[in-house]
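Me: I have a model open and would like to talk through its fold. Could you go over it with me, beginning with the sheet?

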Amino acid sequence: MHGNSLKSLRQDLLAQRKQFAASESYLAKRDAVLTGLTQFLANYGAQIQSLALYCPIQDELDLRAALLAWAASNTDKTLALPFARPDKHLDFYTWQEGDLLIPSRHGVPEPDPNNPRRPQVAPDCILIPCVGWSESISGDKKHYWRLGYGGGYFDRTLAQLRAEKPKLLCVGIGFEWQKLDDAQWRAQTHDEPLDLLLTESGLLPSLPY
C-alpha cells in the first residue's frame with residue numbers, strides 16, 4: 001500500500017495525470033485511446049442502446065466529441081450522464097450537446113434530474129475514468145479493477161445495476177502508466193470489477209468473458 005494511505009496514492013496519481021496531460025506524449029496516447037473507443041463501439045455497438053459517459057474533471061480524458069459523433073450517426077442510440085444522489089448512488093439521465101449542467105458538490109457537471117425533456121435511463125454500457133487501475137489473476141480468471149476518487153459511487157451503482165441488467169458493460173478508461181501493483185493497491189471485496197479496460201494499448205477484456 002502506498003505509504004499506508006490511499007489518500008496519498010490518489011493525490012500522487014492525480015498530480016502525475018496533470019503532468020502527463022501537459023506532456024509531449026499525451027496527444028498520441030490520447031488519440032490511441034480514442035481509436036480504441038471507435039473500435040469498441042464498432043464491435044459492441046449493436047448491443048448498446050444507451051451509453052453513459054462522464055464530464056471530464058481533473059485532466060480526465062474527454063470522450064464527448066467522439067461519442068457525440070457516434071450518437072449522431074446512430075440515431076437510435078442515447079447518451080447519458082451520471083447524477084450523484086445523496087445516498088452515494090448514481091442515476092443516469094439522457095444527455096445531448098448543449099444541455100445545461102449543474103456542478104455537484106464535488107465540482108462535477110451533472111444533468112438536471114428535474115428536466116422533463118431528459119428522462120432517467122438504465123444504461124447498457126458505462127464508461128468510467130480511472131485514477132488508477134490494477135489486474136488480478138486467479139486460476140483462469142483475470143479481472144481489471146478501477147481505483148477512483150474514493151466515494152464508492154460507481155461500486156454501489158454497478159452492484160445494483162448488474163443485478164438488474166446482467167449484460168451491462170462497464171468499461172474503464174485509463175492509460176498504461178496508471179497501472180498499480182499489489183504493493184500499491186489491491187481491490188477490496190466491495191470493489192466491482194470492470195468488464196473491459198481501454199488504454200492506449202487497446203481494449204483489454206476481463207476473462208473469462
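Me: What is the strand order in the open sheet of 8 strands?

Reply: This is a predicted model, and in it the open sheet runs in the order β6-β3-β2-β1-β7-β10-β11-β12, with mixed pairing.

Me: Which strands stand at the edges?

Reply: Those are β6 (120–121) and β12 (202–205), each of which has a single partner strand, so one side of each is left without a neighbour in the sheet.

Me: And how does β12 pair with β11?

Reply: Strand β11, residues 196–199, pairs with β12 in the antiparallel sense over 4 bridges, and within that pairing L196 has P205 of β12 as its bridge partner.

Me: OK, helices now. Which strands does α2 lie across?

Reply: Helix α2, residues 26–44, lies across β1 (50–52), β7 (125–129), β10 (169–173), β11 and β12, and it runs at about 145° to β11. Helix α3, residues 64–73, lies across β1, β2 (78–84) and β7, running at about 135° to β2.

Me: What about α4, which of its residues are buried?

Reply: The buried residues of α4 are Y153, F154, D155, T157, L158, L161 and R162, and they pack against β2, β3 (90–94), β7, β9 (141–147) and β10. Helix α4 covers residues 153–164 and reaches 17 Å from its first C-alpha to its last, close to the 16 Å expected at 1.5 Å a residue.

Me: Switching to pockets: what volume does the largest one have?

Reply: The largest pocket has a volume of about 800 Å³. It is lined by 38 residues, of which R146, Y149, G151, Y153 and F154 are the closest to its centre.

Me: Which elements give two or more residues to that lining?

Reply: They are α1 (6–21), β2, β5 (109–110), β7, β9 and α4, with α4 giving the most, at 4 residues.

Me: Last one, back to β9: how does it pair with β8?

Reply: Strand β8, residues 132–138, and β9 pair in the antiparallel sense over 7 bridges, and S136 has H143 of β9 as its bridge partner. The hairpin of β8 and β9 has 2 residues between the strands, and G139 takes a positive phi near 65° there.

Terms used: Residues are numbered from 1 along each chain as its sequence is written. This is a predicted model: local features need pLDDT of at least 70, side-chain atom pairs count only at pLDDT 80 or more; totals for chains, interfaces and linings use all residues. Side-chain values use heavy atoms; hydrogens and water are left out. Two strands pair if DSSP finds at least two bridges between them. Contact means heavy atoms within 4.5 Å. Axes are lines fitted to C-alpha atoms, for helices over the stretch in contact, and angles run from 0 to 180 degrees between N-to-C directions. The expected span of a helix is 1.5 Å times one less than its number of residues. Buried means under 20% relative accessible area, exposed over 50%, partly exposed in between (1.4 Å probe, protein chains only). On a 1 Å grid over the protein atoms alone, a cavity is a set of points where a 1.4 Å probe fits but cannot get out, and a pocket is an open set with protein on both sides within 12 Å along at least five of seven lines; lining residues have an atom within 4 Å of a point. Grid points are joined across faces, edges and corners, and a volume is the space filled by probe spheres set on the points.
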